Amino acid sequence: VSRPILRAHREGIVTSTSALALAPGFAASAPQLRGTPGIGVGAHLAAVGEDPPLLSAREVPTLVDGRGRLASSWRVFLPRMAARRIDPDDLRREFTAQIERLQGAGLQLGHVDTHQHLHLWPAVGEVVLDVATHAGITAMRIIRSASRGPVGVSVRRLGVRLERRAAALGVRFPAAATGLDEAGTLDLPRLVGAIDRLGATPGASAELATHPGEADDPDLDRYRWGYVWDRELAGLTDPAVRQRVDGAGFHLGTYADLAPEP
(Lines give C-alpha, C1' and ligand atoms only; values in the text may rest on other atoms or scores of the structure.)
Protein backbone atom coordinates (compact mmCIF):
# COMPACT_ATOMS: atom_id res chain seq x y z
CA VAL A 1 0.00 0.00 0.00
CA SER A 2 2.80 2.44 0.87
CA ARG A 3 4.63 1.88 -2.42
CA PRO A 4 1.78 3.05 -4.70
CA ILE A 5 1.03 5.99 -2.38
CA LEU A 6 4.58 7.25 -2.84
CA ARG A 7 4.42 6.56 -6.58
CA ALA A 8 1.19 8.57 -6.83
CA HIS A 9 3.06 11.42 -5.16
CA ARG A 10 6.10 11.24 -7.46
CA GLU A 11 4.16 10.71 -10.69
CA GLY A 12 0.72 12.12 -9.96
CA ILE A 13 -1.39 14.49 -7.87
CA VAL A 14 -1.03 13.02 -4.37
CA THR A 15 0.45 15.61 -2.01
CA SER A 16 -0.16 14.13 1.46
CA THR A 17 -0.54 10.81 3.19
CA SER A 18 -1.52 9.64 6.66
CA ALA A 19 0.85 7.23 8.41
CA LEU A 20 -0.54 4.35 10.48
CA ALA A 21 1.75 3.52 13.39
CA LEU A 22 0.01 0.15 13.93
CA ALA A 23 0.44 -0.99 10.32
CA PRO A 24 2.51 -4.16 9.81
CA GLY A 25 4.60 -2.38 7.17
CA PHE A 26 5.25 0.81 9.12
CA ALA A 27 8.84 0.05 10.14
CA ALA A 28 9.81 -0.68 6.53
CA SER A 29 7.82 2.18 5.00
CA ALA A 30 8.74 5.00 7.40
CA PRO A 31 12.27 5.52 6.02
CA GLN A 32 10.88 5.68 2.46
CA LEU A 33 8.29 8.22 3.52
CA ARG A 34 10.85 10.25 5.43
CA GLY A 35 13.08 10.26 2.36
CA THR A 36 10.38 11.44 -0.07
CA PRO A 37 10.62 15.21 -0.54
CA GLY A 38 7.54 17.41 -0.71
CA ILE A 39 4.94 15.02 0.69
CA GLY A 40 2.85 16.09 3.67
CA VAL A 41 2.50 13.53 6.46
CA GLY A 42 -0.27 13.11 9.01
CA ALA A 43 -1.02 10.79 11.91
CA HIS A 44 -3.66 8.14 11.12
CA LEU A 45 -4.67 7.21 14.66
CA ALA A 46 -6.29 3.80 15.12
CA ALA A 47 -8.50 2.41 17.87
CA VAL A 48 -10.26 -0.12 15.61
CA GLY A 49 -9.44 -2.55 12.84
CA GLU A 50 -5.70 -2.88 13.53
CA ASP A 51 -3.87 -5.13 15.97
CA PRO A 52 -2.23 -5.03 18.36
CA PRO A 53 -2.37 -1.58 19.99
CA LEU A 54 1.00 -0.08 20.86
CA LEU A 55 0.22 -0.15 24.58
CA SER A 56 -0.52 -3.25 26.61
CA ALA A 57 -3.97 -4.43 27.67
CA ARG A 58 -3.09 -3.38 31.21
CA GLU A 59 -2.44 0.19 30.02
CA VAL A 60 -5.57 0.50 27.82
CA PRO A 61 -8.00 -2.12 29.20
CA THR A 62 -11.20 -0.57 27.80
CA LEU A 63 -9.87 -0.53 24.21
CA VAL A 64 -9.28 -4.28 23.91
CA ASP A 65 -11.14 -7.55 24.32
CA GLY A 66 -10.09 -10.56 26.38
CA ARG A 67 -7.47 -11.48 23.79
CA GLY A 68 -5.98 -8.01 23.71
CA ARG A 69 -7.49 -7.06 20.35
CA LEU A 70 -8.98 -3.73 19.35
CA ALA A 71 -12.60 -3.50 18.22
CA SER A 72 -12.99 -4.74 14.66
CA SER A 73 -14.72 -1.60 13.35
CA TRP A 74 -16.58 1.60 14.22
CA ARG A 75 -19.79 -0.45 14.34
CA VAL A 76 -18.43 -2.23 17.42
CA PHE A 77 -16.51 0.70 18.92
CA LEU A 78 -19.10 3.49 18.82
CA PRO A 79 -21.88 1.68 20.75
CA ARG A 80 -19.29 0.94 23.45
CA MET A 81 -18.21 4.58 23.42
CA ALA A 82 -21.82 5.76 23.65
CA ALA A 83 -22.40 3.41 26.60
CA ARG A 84 -19.30 4.90 28.31
CA ARG A 85 -17.52 1.55 28.25
CA ILE A 86 -14.50 3.20 26.59
CA ASP A 87 -12.34 5.28 28.89
CA PRO A 88 -11.24 8.48 27.08
CA ASP A 89 -7.99 8.35 29.03
CA ASP A 90 -7.23 4.96 27.46
CA LEU A 91 -7.77 6.53 24.04
CA ARG A 92 -5.57 9.46 25.00
CA ARG A 93 -2.73 7.18 26.10
CA GLU A 94 -2.88 4.99 22.99
CA PHE A 95 -3.19 7.90 20.54
CA THR A 96 -0.32 9.72 22.26
CA ALA A 97 1.82 6.59 21.95
CA GLN A 98 1.00 6.31 18.25
CA ILE A 99 1.93 9.95 17.60
CA GLU A 100 5.16 9.48 19.53
CA ARG A 101 6.03 6.44 17.43
CA LEU A 102 5.48 8.42 14.23
CA GLN A 103 7.55 11.33 15.46
CA GLY A 104 10.19 8.96 16.79
CA ALA A 105 10.57 7.63 13.24
CA GLY A 106 11.53 11.12 12.14
CA LEU A 107 8.21 12.06 10.53
CA GLN A 108 7.12 15.69 10.66
CA LEU A 109 3.36 15.57 11.25
CA GLY A 110 1.22 18.25 9.62
CA HIS A 111 -2.27 16.86 10.21
CA VAL A 112 -4.21 14.25 12.13
CA ASP A 113 -7.11 11.89 11.37
CA THR A 114 -8.39 8.51 12.54
CA HIS A 115 -8.91 5.08 11.06
CA GLN A 116 -12.58 4.78 9.98
CA HIS A 117 -13.07 8.47 10.90
CA LEU A 118 -13.75 7.78 14.58
CA HIS A 119 -12.93 11.39 15.47
CA LEU A 120 -16.27 12.51 14.02
CA TRP A 121 -17.75 11.18 17.26
CA PRO A 122 -17.55 14.13 19.71
CA ALA A 123 -15.93 12.31 22.63
CA VAL A 124 -13.27 10.83 20.35
CA GLY A 125 -12.80 14.12 18.53
CA GLU A 126 -12.06 15.90 21.80
CA VAL A 127 -9.32 13.39 22.61
CA VAL A 128 -7.83 13.65 19.11
CA LEU A 129 -7.83 17.45 19.22
CA ASP A 130 -6.21 17.35 22.65
CA VAL A 131 -3.38 14.96 21.78
CA ALA A 132 -2.82 16.63 18.40
CA THR A 133 -2.49 20.15 19.75
CA HIS A 134 -0.18 18.95 22.53
CA ALA A 135 1.98 17.36 19.82
CA GLY A 136 2.06 20.58 17.80
CA ILE A 137 -0.25 19.33 15.03
CA THR A 138 -2.45 22.17 13.79
CA ALA A 139 -4.60 20.64 11.03
CA MET A 140 -7.21 17.88 10.83
CA ARG A 141 -8.94 15.83 8.14
CA ILE A 142 -12.74 16.10 8.24
CA ILE A 143 -14.71 14.08 5.70
CA ARG A 144 -17.97 15.22 4.14
CA SER A 145 -20.92 13.37 2.61
CA ALA A 146 -23.66 14.29 0.16
CA SER A 147 -25.58 11.06 0.79
CA ARG A 148 -29.21 11.41 1.88
CA GLY A 149 -29.06 8.16 3.82
CA PRO A 150 -28.79 7.96 7.61
CA VAL A 151 -24.99 7.58 7.57
CA GLY A 152 -24.59 10.60 5.30
CA VAL A 153 -26.89 12.73 7.44
CA SER A 154 -25.03 11.73 10.60
CA VAL A 155 -21.65 12.46 9.01
CA ARG A 156 -22.78 15.96 8.02
CA ARG A 157 -24.11 16.78 11.47
CA LEU A 158 -21.09 15.42 13.27
CA GLY A 159 -18.76 17.05 10.75
CA VAL A 160 -20.23 20.50 11.29
CA ARG A 161 -19.87 20.10 15.05
CA LEU A 162 -16.26 18.99 14.67
CA GLU A 163 -15.49 21.88 12.33
CA ARG A 164 -16.75 24.37 14.91
CA ARG A 165 -14.74 22.79 17.70
CA ALA A 166 -11.57 22.60 15.60
CA ALA A 167 -11.93 26.21 14.44
CA ALA A 168 -12.36 27.36 18.03
CA LEU A 169 -9.00 25.78 18.84
CA GLY A 170 -7.27 27.20 15.77
CA VAL A 171 -7.02 23.80 14.07
CA ARG A 172 -7.19 24.10 10.28
CA PHE A 173 -9.17 21.88 7.88
CA PRO A 174 -10.16 21.99 4.19
CA ALA A 175 -13.39 23.79 3.31
CA ALA A 176 -14.54 20.82 1.21
CA ALA A 177 -13.61 17.16 1.02
CA THR A 178 -14.43 13.74 -0.33
CA GLY A 179 -13.81 10.63 1.69
CA LEU A 180 -17.03 8.75 2.40
CA ASP A 181 -19.36 8.60 -0.61
CA GLU A 182 -16.50 8.03 -3.07
CA ALA A 183 -14.22 5.93 -0.86
CA GLY A 184 -12.30 3.35 -2.85
CA THR A 185 -14.29 3.85 -6.08
CA LEU A 186 -12.34 6.65 -7.78
CA ASP A 187 -11.58 5.14 -11.17
CA LEU A 188 -10.76 7.71 -13.85
CA PRO A 189 -14.34 8.90 -14.65
CA ARG A 190 -15.30 9.16 -10.96
CA LEU A 191 -12.00 10.86 -10.14
CA VAL A 192 -12.62 13.53 -12.76
CA GLY A 193 -16.19 13.97 -11.52
CA ALA A 194 -15.01 14.41 -7.94
CA ILE A 195 -12.50 17.07 -8.97
CA ASP A 196 -15.20 18.94 -10.86
CA ARG A 197 -17.55 18.85 -7.85
CA LEU A 198 -14.84 20.04 -5.47
CA GLY A 199 -14.04 22.89 -7.85
CA ALA A 200 -17.62 24.12 -7.95
CA THR A 201 -16.87 26.67 -5.21
CA PRO A 202 -14.17 29.04 -6.52
CA GLY A 203 -11.38 29.82 -4.09
CA ALA A 204 -12.23 27.04 -1.63
CA SER A 205 -9.65 24.62 -0.28
CA ALA A 206 -10.51 20.96 -0.81
CA GLU A 207 -9.21 17.51 -0.04
CA LEU A 208 -9.57 14.65 -2.49
CA ALA A 209 -9.21 11.48 -0.41
CA THR A 210 -7.95 8.44 -2.30
CA HIS A 211 -6.79 4.85 -1.74
CA PRO A 212 -4.18 3.92 -4.38
CA GLY A 213 -2.85 0.40 -4.50
CA GLU A 214 -1.59 -2.38 -6.74
CA ALA A 215 -3.91 -5.08 -8.06
CA ASP A 216 -1.53 -7.96 -7.29
CA ASP A 217 -0.44 -6.82 -3.83
CA PRO A 218 -1.11 -9.77 -1.46
CA ASP A 219 -1.28 -7.41 1.52
CA LEU A 220 -4.54 -6.01 0.16
CA ASP A 221 -6.24 -9.19 1.37
CA ARG A 222 -6.01 -7.57 4.80
CA TYR A 223 -8.58 -4.98 3.71
CA ARG A 224 -11.45 -6.70 1.89
CA TRP A 225 -13.46 -3.56 1.22
CA GLY A 226 -14.03 -3.96 -2.52
CA TYR A 227 -11.94 -0.88 -3.33
CA VAL A 228 -10.57 -0.43 -6.87
CA TRP A 229 -7.06 0.30 -5.59
CA ASP A 230 -5.24 -0.15 -8.91
CA ARG A 231 -7.71 1.97 -10.89
CA GLU A 232 -7.33 4.78 -8.39
CA LEU A 233 -3.55 4.61 -8.83
CA ALA A 234 -3.95 4.73 -12.62
CA GLY A 235 -6.21 7.78 -12.37
CA LEU A 236 -4.01 9.64 -9.90
CA THR A 237 -1.00 9.30 -12.20
CA ASP A 238 -2.86 10.12 -15.45
CA PRO A 239 -1.64 13.45 -16.92
CA ALA A 240 -5.22 14.26 -17.91
CA VAL A 241 -6.18 14.30 -14.22
CA ARG A 242 -3.48 16.83 -13.40
CA GLN A 243 -4.81 18.99 -16.24
CA ARG A 244 -8.29 18.67 -14.75
CA VAL A 245 -7.00 19.81 -11.36
CA ASP A 246 -5.39 22.86 -12.94
CA GLY A 247 -8.48 23.56 -15.03
CA ALA A 248 -10.65 23.51 -11.88
CA GLY A 249 -8.51 26.31 -10.46
CA PHE A 250 -6.74 24.26 -7.82
CA HIS A 251 -3.09 24.49 -6.77
CA LEU A 252 -1.72 21.27 -5.31
CA GLY A 253 -0.62 21.65 -1.71
CA THR A 254 -0.57 20.11 1.74
CA TYR A 255 -2.25 20.87 5.05
CA ALA A 256 0.55 23.33 5.77
CA ASP A 257 -0.85 25.56 3.01
CA LEU A 258 -4.28 25.89 4.60
CA ALA A 259 -5.29 29.26 5.99
CA PRO A 260 -6.86 29.23 9.48
CA GLU A 261 -10.66 29.09 9.50
CA PRO A 262 -12.43 32.23 10.82
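R84 counts as exposed, because its relative accessibility is 77%. In this predicted model, R84 sits in the loop that joins α3 to α4 (88–104). Its backbone also deserves a look: R84 is not a glycine, yet its phi is positive, at about 60°. As background, most residues other than glycine have a negative phi, and most peptide bonds are trans.

Q116 belongs to the loop between β3 (109–114) and α5. With a relative accessible area of 23%, Q116 is partly exposed, because the partly exposed range lies between the 20% limit for buried and the 50% limit for exposed.

The backbone holds a further point of interest at a proline. The peptide bond running from D51 to P52 is cis, and its omega is near -10°. P52 is placed in the loop between β2 (40–45) and α3 (74–82).

From these loops, attention can turn to a helix. V124 is part of helix α5, which covers residues 122–134. V124 is classed as buried because its relative accessibility is 0%, where the limit for buried is under 20%. Which residues surround V124, once its neighbours within four places in sequence are left aside? The contacts of V124 are F77, M81, L91, F95, L118 and H119.

In general terms, rolling a probe the size of a water molecule over the atoms shows where empty space is left. The second largest pocket has a volume of about 200 Å³. Its lining is made up of R144, S145, A146, A176, A177, T178, D181, E182, R197, L198, A200 and T201. Which elements each supply at least two residues of that lining? They are strand β4 (176–177) and helix α7 (188–198). By residue class, the lining of the second largest pocket holds five nonpolar, three polar and four charged residues.

Key. Residues are numbered from 1 along each chain as its sequence is written. This is a predicted model: local features need pLDDT of at least 70, side-chain atom pairs count only at pLDDT 80 or more; totals for chains, interfaces and linings use all residues. Side-chain values use heavy atoms; hydrogens and water are left out. On a 1 Å grid over the protein atoms alone, a cavity is a set of points where a 1.4 Å probe fits but cannot get out, and a pocket is an open set with protein on both sides within 12 Å along at least five of seven lines; lining residues have an atom within 4 Å of a point. Grid points are joined across faces, edges and corners, and a volume is the space filled by probe spheres set on the points. Helices (H or I, at least four residues) and strands (E, at least two) are DSSP runs, numbered from the N terminus. Ala, Val, Leu, Ile, Met, Phe, Trp, Tyr, Cys and Pro count as nonpolar, Asp, Glu, Lys and Arg as charged, and the others, Gly among them, as polar. Buried means under 20% relative accessible area, exposed over 50%, partly exposed in between (1.4 Å probe, protein chains only). Contact means heavy atoms within 4.5 Å.
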